[in-house]
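This report describes how two protein chains meet in a predicted model. The sequence and structure are shown below.

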Amino acid sequence: MSDIARPDKGSVAINADECKGCGLCVISCALGVLRQSDSLNRFGYHPAVYAGHGCNGCGLCFYACPEPGAIAVYKRAAAPRATQPELVAA
Amino acid sequence: MSEFDILHQRAKCFYDSFERKAELQHQTHYCPGCGHGIAHKLIAQAIDELGIQDRTILVSPVGCSVFAYYYFDVGNVQVAHGRAPAVATAMKRALPHGVVLSYQGDGDLAAIGTAEILHAANRGEPITVFFLNNAIYGMTGGQMAPTTPLGEKTTTTPFGRNPWTEGYPLHVSEVLSSLEAPVYIERVALGNNKMIQQAAKAVRKAIANQVQGLGFSLVEILSPCPTIWKMEPADAQKWVREELTKVYPLGVFRDKTKEAQPRPAPVPAPSLDELPKIFSAKEGRPPALAPAAPCRRTVDLRVKVAGFGGQGVLMLGQVLAEAGLDAGLEVSWLPSYGPEMRSGTSHCHVRLSNHEIDSPLVSRPNVLMAMNEPSLRKFLPAVEPGGWIFYNGTSLPEGAMRTDVTFIVQPFIALADRIGDTRAGNMVMLGAMLEATGLLESEWVASALARLSKSERWLDLNRRAIEFGREVIHREVSI
Ligand SMILES: Cc1ncc(C[n+]2csc(CCOP(=O)(O)OP(=O)(O)O)c2C)c(N)n1
Ligand code: SF4
Ligand code: SF4
Ligand code: SF4
């Protein structure tokens with residue numbers, strides 16, 4: 001995926017507790033940085049997870065997802081700082 | 001995350017938590033992969049962007065989206081199946097500044113609610129309609145909808161939808177686009193990223209139109225229902241994209257957004273004070289004499305007035321009932337007539353009593369006022385023994401006889417001709433009835449007459465007719 005030396009343009013956060021594991025976000029992401037977890041969330045769904053890097057902040061996964069708050073998409077701030085942000089998969 | 005700005009997140013106009021369920025208060029009640037959730041998000045985002053949360057009213061339908069009001073923190077009503085456009089019309093007229101959104105499934109809008117959507121669109125109501133077309137009844141478990149594609153198996157078309165028995169898929173957007181009034185109609189789909197982006201634009205535009213005061217806007221959204229279609233969410237999305245769009249081509253069917261003028265503000269309803277004038281009623285009520293001289297007699301009058309339409313049967317009953325009001329009695333007046341304005345049969349039930357009236361129906365009259373022979377024959381058997389029968393004729397017709405009642409037989413209509421107008425025959429008969437029964441004072445009748453007569457000329461004629469009827473009793477009581 002993306003070169004770790006070059007900072008990502010975007011990021012995505014998935015709230016595993018609000019995800020119903022439908023997988024629509026996974027197929028919406030052209031960069032393939034989303035997948036469904038092998039493990040289950042506490043409601044019995046395989047939640048989507050972010051690979052942790054490679055997102056360009058296009059936002060398409062947000063629109064594909066039927067749940068109001070399962071996905072949030074971020075884009076790099078206008079004046080990026082030097083350090084790579086800490087990205088956590090849900 | 002300090003390196004990053006939020007680009008997309010939960011819309012502000014969603015409630016923080018969804019109280020419907022004890023658990024899972026951050027999830028919707030929709031199945032995984034359901035298009036309703038996506039459509040909700042598109043609408044919520046448009047509301048946020050347009051800054052109209054505090055003046056938006058969402059009308060939730062019956063169907064899987066019946067609980068939409070648990071999600072949107074806006075004004076909410078949930079209405080009977082299919083009626084959302086009618087309720088939205090009322091909302092918009094009552095609150096013109098409100099932004100009224102009708103959200104409906106295809107069973108709701110295209111089956112039971114066909115009349116409401118058609119007429120709301122035809123009136124060009126300045127509302128916004130979101131029409132979620134998933135080609136099936138979701139909530140009730142998969143019955144055929146008018147929008148179900150041909151050949152599709154559903155619980156009600158187990159061998160596939162057959163056009164000979166179930167007709168063809170209903171193209172709502174096309175049908176509504178044949179109307180003059182709508183401003184904007186577009187069909188979009190939730191079939192892939194690109195389609196969803198287009199849907200987002202359409203949703204926003206349909207709401208923005210209303211904010212600008214333009215007329216009727218509708219977005220039909222082809223939407224996946226993985227559960228009832230028995231597909232994985234990804235396959236359901238594909239089916240929307242590849243199959244449903246073949247039956248329902250996407251596109252803009254109507255767009256008069258550019259040339260449409262903002263609709264004129266609704267004319268405010270007249271004030272209460274103006275109503276008497278509008279209905280050409282007389283200003284104020286003539287002072288009722290009732291308080292001065294209330295009726296002290298025991299009254300239990302059950303009157304059936306019957307005749308042809310146009311003979312003044314209903315008016316006769318009304319004068320009687322209103323005179324009863326002035327006498328301080330309990331009264332009821334119940335008209336009953338066929339669809340004809342003239343010459344059909346017509347009758348009314350009138351009750352006057354010292355006691356509360358249980359039913360306004362008079363099935364056992366103690367006074368029958370029959371303006372013609374069929375009415376006499378029809379109601380004669382029902383009259384209580386000891387009752388009165390007033391009949392408009394020169395003699396009783398053959399076989400219409402009873403010995404346990406009092407008959408007053410006069411050609412009332414012909415008599416009215418003598419005072420100048422056959423149309424006052426009803427009042428001549430009323431005068432005779434009042435005089436014979438002696439139950440109501442002349443003043444009570446006079447004030448009722450003053451309220452009910454449609455002009456001075458009629459008032460004069462009616463007064464004279466009643467007087468004449470009273471005299472008739474004394475001069476020539478027959479039989
Ligand atoms: C007057 C009335 N008739 C019938 C029903 C039963 N009913 C509930 S939902 C529904 C159809 C819903 O289908 P649709 O509008 O397509 O919504 P979906 O559930 O697919 O989102 C029906 C017929 C009802 N609730 N009320
Ligand atoms: S924002 Fe775009 S790139 Fe990032 S995860 Fe979502 S779809 Fe993929
Ligand atoms: S689209 Fe939403 S609900 Fe579906 S798997 Fe992705 S995050 Fe979960
Ligand atoms: S039955 Fe269909 S329309 Fe209803 S919530 Fe489930 S997926 Fe959505």
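## Strand pairing between the chains

In this predicted model, strand E4 of chain A, residues 71-76, pairs with E1(B). The two strands run in the antiparallel sense, and the pairing extends over 4 bridges. Within this arrangement, Ile6(B) of E1(B) has Tyr74(A) opposite.

## Extent of the interface

The size of an interface is often expressed as the accessible area lost when the parts come together. For chain B and chain A, the buried area is about 3300 Å². Carbon and sulfur atoms give 61% of that area. On the side of chain B, the residues that lose the most area to chain A are Glu3(B), Phe4(B) and Lys41(B), which together make up 23% of what that side buries.

Counted by residues, the contact draws 39 from chain A and 34 from chain B.

## Polar and charged interactions

The interface of chain B and chain A holds 1 salt bridge. A salt bridge joins the side chains of Arg76(A) and Glu3(B), with an N to O distance of 3.4 Å.

## Composition of the chain B side

Four elements of chain B each give two or more residues to the side that touches chain A: strand E1 (4-8), helix H1 (35-50), helix H7 (193-211) and helix H9 (233-247). By class, this side of chain B comprises 16 nonpolar, 13 polar and 5 charged residues.

Terms used. Residues numbered from 1 in each chain as written. Chains lettered and ligands numbered in written order. Predicted model: local features only at pLDDT ≥ 70, side-chain atom pairs only at ≥ 80, totals over all residues. Heavy atoms only, no water. Contact = heavy atoms within 4.5 Å. Buried area = accessible area lost by both parts, 1.4 Å probe. Salt bridge = Lys/Arg side-chain N within 4 Å of Asp/Glu carboxyl O. Nonpolar A, V, L, I, M, F, W, Y, C, P; charged D, E, K, R; others polar. Pairing = 2+ DSSP bridges.
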